[in-house]
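The structure is shown below.

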Amino acid sequence: MNQSTNTWRSRLGGWAVWLAVAAVVGITVMGEASVQRAVPIDGATGVFSAGRAVTHLERFATEPRPLGSPASERARNYVAEELRAAGLTVEIPSAVGVRDAAGLATFGRVQNVVAVLPGTDSTGTLLLAAHYDSAAVSPGASDDGAAVAAILETVRALRAGPALRNDLVVLVTDGEEDGLLGAEAFVREHPLGSQGGIALNFEARGVTGPSVMFETSRDNAGLVSLFADAAPHPRGDSSMVEIYRLLPNNSDFTALSGAGFSGLNFAYFEGAAFYHTAGDSLANLDRGSLQHHGENMLAVARALGESDLRSLAAKHDRTYFRVLGVMVGYSDGAVWPLAVLSILAVMAFAVLAHRRRHATVGGLLAATGSALLPLLVAAVLGQALWSLLAWLQPQYDAMGGLLHQPLPFQAAMAGLGILAVLGWLLLMRHRVGGAAIAVAGAFWVGLLGVVCAAYAPGAAYLFTIPALVCALAGIVAVGVDRLWLNVATIGTAAAISAVLLPAVIRNVFNGVGLVFGGAGSLLVVLLGLTLTQVVDLVWVGRWAKEDKARRPGRRTTIAAAAMTLLLVLAGLWLNTPDTDQPGRTHLAYILDSGTGQAFWVSAETEPTDWTRRHVSGTDTSGLPPGYQRGTLWTGAASTIDAPGPQVTLRSRTIDSVTVHVASPRGAPSVTLRTEVPIVGATATMPGEAPVSAVVEGTRANTWPGEIRFRGLPAEGVEITVRIGTPDAFRLTAIDETHGLEDAPGFVHRPANLVAGTREDGDIVAVATTFPVPAAP
């Protein structure tokens, strides 16, 4: 058989592999994206019905319900009455929750709903958790109304069946949006919070998408196995757990697991453009996502309710992931052996390629060293594309990269990863040969698997398995001169990579948004490094030494570049704000009660036309001292007849000052800012024990110390601020009410804009600056 015929057969085989890989990627991504069909309101009593759950949402999730608001109280009372009607013992304890951050102490008066259903022969506690408060500008139909409604429907379905063996506790927390305040108070003060158990927490970061189990407690092997067996449609993998553990994000599960609860955390997170905005509404809620949330909740709760919970304790995590819809996994005891085996297989591939004269030592070294280039280029280009988009459309930055139509931009960032790989192949393939390229790609993927085995073992499978199968396919390809066998082994290895990596690429793009688009681009390069043998089949045939790759390589690269550009243009066209996909704005009204001056303020980078009706420039000299945080646009506003917060000095020592703070106008929130750093704070509310926070660091772009109190009682609160100086300083108190409708001169937003997610927007704030004397 002549070389030309062999080359064409190789290319045909390569295209067949590409089609198979594309099919696998499509099946995998669509399978991970699918949600369940909602069961109507008349569904069987023993099953979860999104239709029935929505009837609860219609009662409490049609208006914002921030901590301390009348809407929050109405939601709390409704949830409590529904749980009582289901036969659970319900209490609503009052407490003060606390959270610290850099330079910040946050306190809040919270009222959790705690309901208990004793088991028949309990081996422990099963806790179902969600929060009933919402962001101040959002009805919170998904975040976290859907989870609360799912709990109510799950409790109904559980009560319709056999009694549970184990104790069931329902915890519906308050103040989650202000810093997990309700969950913190529960684990610190409530007897059930210190007893531990297994917690299932449910959240949302969007309005659609599958319900994903994205976080677990440590030593999760028993729980993960039960979840995989019990959930009718399980979603999630151990790489998500590892990624989330590295992020600064948190939820009520953070407080529960920190207090000794083991458990699982669930959320759906697509359609995130509506997150924490007015768009998180019943109209935009995907009933299928609610159904998926509830089906998993009910199935796992039933399984845990009947299990011996003591038997689920483990001393290790479990690696788990889905393969074409089936959850598979292995113990963490196999992580290191697989990592080492993948590197040994790559080394064997390199030795055999050299012995069979498919690669030189110099070529192997050059390919391996240069393979870092596409990784670096893709990460840089992905971030550069985001910077360009944010510059072209400041609204994208205001949305935190969580756009209404992110798919074209996500595909473009993936295209940048593909371009980085293709460019590397064009640069190096004719210099070092296809075998050296394949070895280099497998080496770096395998090495990343070793790094993950050491620091993020649940994510190691993403790299060790593709590197291993890629190396084994290469060994067969250089060791056996059979085209059909080569195509089969290379295709099998490519299919395995296509099953594992695209799912996590999709999750990264959807989870972190376009702001960190370089991370998704880099992952696409890692996938590309495992597929270089398929590229070689298509471009030049098996390990051909002639430089036949340049012409098809150039054509492929030009086509990929053109497609990437078209995707960017399509994304810009599709993501124009309109009524269905509104942009975001930031606006607040601030009155300095000392000077009598009032201002509109906006933190928008480039104000919208609507915002410019209120602000005119960046002169902030008239704002109350300590109010400004970051760069602001301002505009003169008419004053309102409103007294400022009352600040009364109680005591002053060398390292602390105690003040009583109240809002004569009945504002539900107050913020104190100090022009000196703070090291701690204590809040004392009438009828509650003092609660303290230790504070490290300072606030950025504003005065260095800050204390917040949410749910401020009418009689006020006593705050002790611990500082590191006996000198005199200023303290500015700002009380805040939600909504701008009553502010003089306010012009309502057009339908293509909504209030943004920054917590100091859409408020009327009145400030008082109080001089704190030096210590006596």
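Leu-344 is located in helix 11. In this predicted model, Leu-344 has a relative accessible area of 48%. The residue therefore counts as partly exposed, since that class lies between the limits of under 20% for buried and over 50% for exposed.

Leu-344 belongs to a nonpolar surface patch, together with Trp-336, Val-340 and Met-347. The accessible area of these residues together is about 400 Å².

Most residues other than glycine have a negative phi. Arg-357, which is not a glycine, has a positive phi of about 65°. Its place is the loop that runs between helix 11 (335-355) and helix 12 (361-370). With a relative accessible area of 68%, Arg-357 is exposed.

Leu-324 is another residue other than glycine with a positive phi, here near 50°. Leu-324 sits in the loop between strand 10 (318-323) and strand 11 (326-331). Is this residue buried or exposed? Leu-324 has a relative accessible area of 53% and is therefore exposed, as the cut-off for that class is over 50%.

## A cis peptide bond

Most peptide bonds are trans. The bond from Asp-143 to Asp-144 is cis, and its omega is near 5°. Asp-144 is part of helix 4, which spans residues 141-159.

Conventions
Residues numbered from 1 in each chain as written. Predicted model: local features only at pLDDT ≥ 70, side-chain atom pairs only at ≥ 80, totals over all residues. Heavy atoms only, no water. Helix = DSSP H or I, 4+ residues; strand = E, 2+ residues; numbered from the N terminus. Buried < 20%, exposed > 50% of the residue type's maximum accessible area, 1.4 Å probe, protein only. Patch = residues over 30% accessible without salt bridge, like charges linked within 9 Å, V, L, I, M, F, W, Y side chains within 5 Å. Areas by Shrake-Rupley, 256 points an atom, 1.4 Å probe, with all protein chains shown as cover. Salt bridge = Lys/Arg side-chain N within 4 Å of Asp/Glu carboxyl O.
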